Amino acid sequence: MNFQTMTPKKKLPIRDYQLDEKGMMGVYAMSLVDLPAIEVDFVAMSQIDQIKLQATNEERRMVYGPALIPDQLIYRIDPETNEEYYARYSSDVIRQVAQRYMKMNQHHNATVMHQVPVAGITTVETWMKEGQSDKSVELGISPKLPVGTWFIGQLVEDDTVWNDVKSGVLKGFSIEAYFQWEVEQNKHSELFADLAELEKLLDNGIV
């Protein structure tokens with residue numbers, strides 16, 4: 001599976017999302033959704049811990065998955081202008097976003113379907129993929145996700161949400177965030193994504 005070619009095959013402008021220097025932008029919450037924008041589902045650790053089986057018989061209630069994937073083209077529509085475009089994050093920006101997310105103490109902010117705030121969901125693990133021996137691969141997440149992918153692990157203590165995770169209603173993470181993008185770069189350059197051609201080049205090992 002090629003994660004850069006899972007978006008609609010259209011020629012659209014690309015907005016390279018970035019953080020601001022004043023520290024006002026970034027991810028302020030994580031949402032559990034049925035159709036994650038990055039199009040990769042999380043893994044729910046619903047197995048009972050064998051060490052605790054005899055004593056507590058409790059589930060781990062952890063979900064793991066990618067929050068952002070570097071250089072992935074994410075289809076978007078500007079709510080003010082209705083302009084279609086692709087959002088893109090570099091690996092450097094994603095690392096900054098992940099660090100600011102924790103630094104600003106946003107790891108306890110969670111919603112469901114970008115609508116309902118939930119108190120019983122907390123991001124307790126966060127890391128950047130550094131190589132193919134990454135923890136994400138051991139958890140059963142696709143090894144094809146590139147180095148620089150930001151992964152999170154959430155503890156789900158809300159019973160309703162956990163049941164929706166186990167039943168497959170909620171399948172992945174979607175960020176809630178504010179970003180800026182390079183206006184001049186996108187206004188004055190012919191920066192378009194021809195995904196059909198990109199897929200052909202990737203399949204042939206050219207890029």
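This is a predicted model: local features need pLDDT of at least 70, side-chain atom pairs count only at pLDDT 80 or more; totals for chains, interfaces and linings use all residues.

Residues are numbered from 1 along each chain as its sequence is written, and side-chain values use heavy atoms, with hydrogens and water left out.

Helices (H or I, at least four residues) and strands (E, at least two) are DSSP runs, numbered from the N terminus. Two strands pair if DSSP finds at least two bridges between them.

Start with an open sheet of 4 strands. Its order is S3-S4-S10-S9, and the pairing is antiparallel. Strand S3 (43-45) and strand S9 (121-128) are the edges; each has a single partner strand, so one side of each lacks a neighbour in the sheet. On average, neighbouring strands here are turned by 25 degrees against each other, direction ignored. Angles run from 0 to 180 degrees between N-to-C directions, and axes are lines fitted to C-alpha atoms, for helices over the stretch in contact.

Strand S4 (residues 62-68) pairs with strand S10 (residues 150-156) in the antiparallel sense, over 6 bridges. Within this pair, Val-63 stands opposite Gln-154 of S10. Two helices pack on the sheet. Helix H1 (residues 91-103) touches S4, S9 and S10, and its direction makes about 145 degrees with that of S9. Helix H3 (residues 159-167) touches S3, S4, S9 and S10, and its direction makes about 75 degrees with that of S4. Contact means heavy atoms within 4.5 Å.

Now look at Val-43, in strand S3. Beyond its neighbours within four places in sequence, Val-43 contacts Met-62, Val-63, Tyr-64, Leu-139, Gly-140 and Ile-141. The C-alpha atoms of Val-43 and Val-165 are separated by 9.3 Å, although the two residues are 122 apart along the chain.

A further open sheet of 4 strands runs in the order S8-S7-S2-S11, with mixed pairing. S8 and S11 are its edges; each has a single partner strand, so one side of each has no neighbour in the sheet. Strand S2 (residues 26-33) and S11 pair in the antiparallel sense over 7 bridges. Met-30 has Ile-175 of S11 as its bridge partner.

A cavity is a set of points on a 1 Å grid over the protein atoms alone where a 1.4 Å probe fits but cannot get out; lining residues have an atom within 4 Å of a point. The count comes to 1 cavity of 30 Å³ or more. The largest cavity holds about 70 Å³ of space, a volume being the space filled by probe spheres set on the points. S4, strand S5 (74-77) and strand S11 (172-178) each give two or more residues to the lining. S11 gives the largest share, 3 residues.

Finish in the loops. Asn-82 lies between S5 and strand S6 (84-88). Asn-82 has a positive phi of about 65 degrees, although it is not a glycine. At 59% relative accessibility, Asn-82 counts as exposed. His-114 sits in the loop between strand S7 (110-112) and strand S8 (116-117). Its phi is near 60 degrees, again positive in a residue other than glycine. His-114 is partly exposed, with a relative accessible area of 38%. Buried means under 20% relative accessible area, exposed over 50%, and partly exposed in between (1.4 Å probe, protein chains only).

Note on methods
On a 1 Å grid over the protein atoms alone, a cavity is a set of points where a 1.4 Å probe fits but cannot get out, and a pocket is an open set with protein on both sides within 12 Å along at least five of seven lines; lining residues have an atom within 4 Å of a point.
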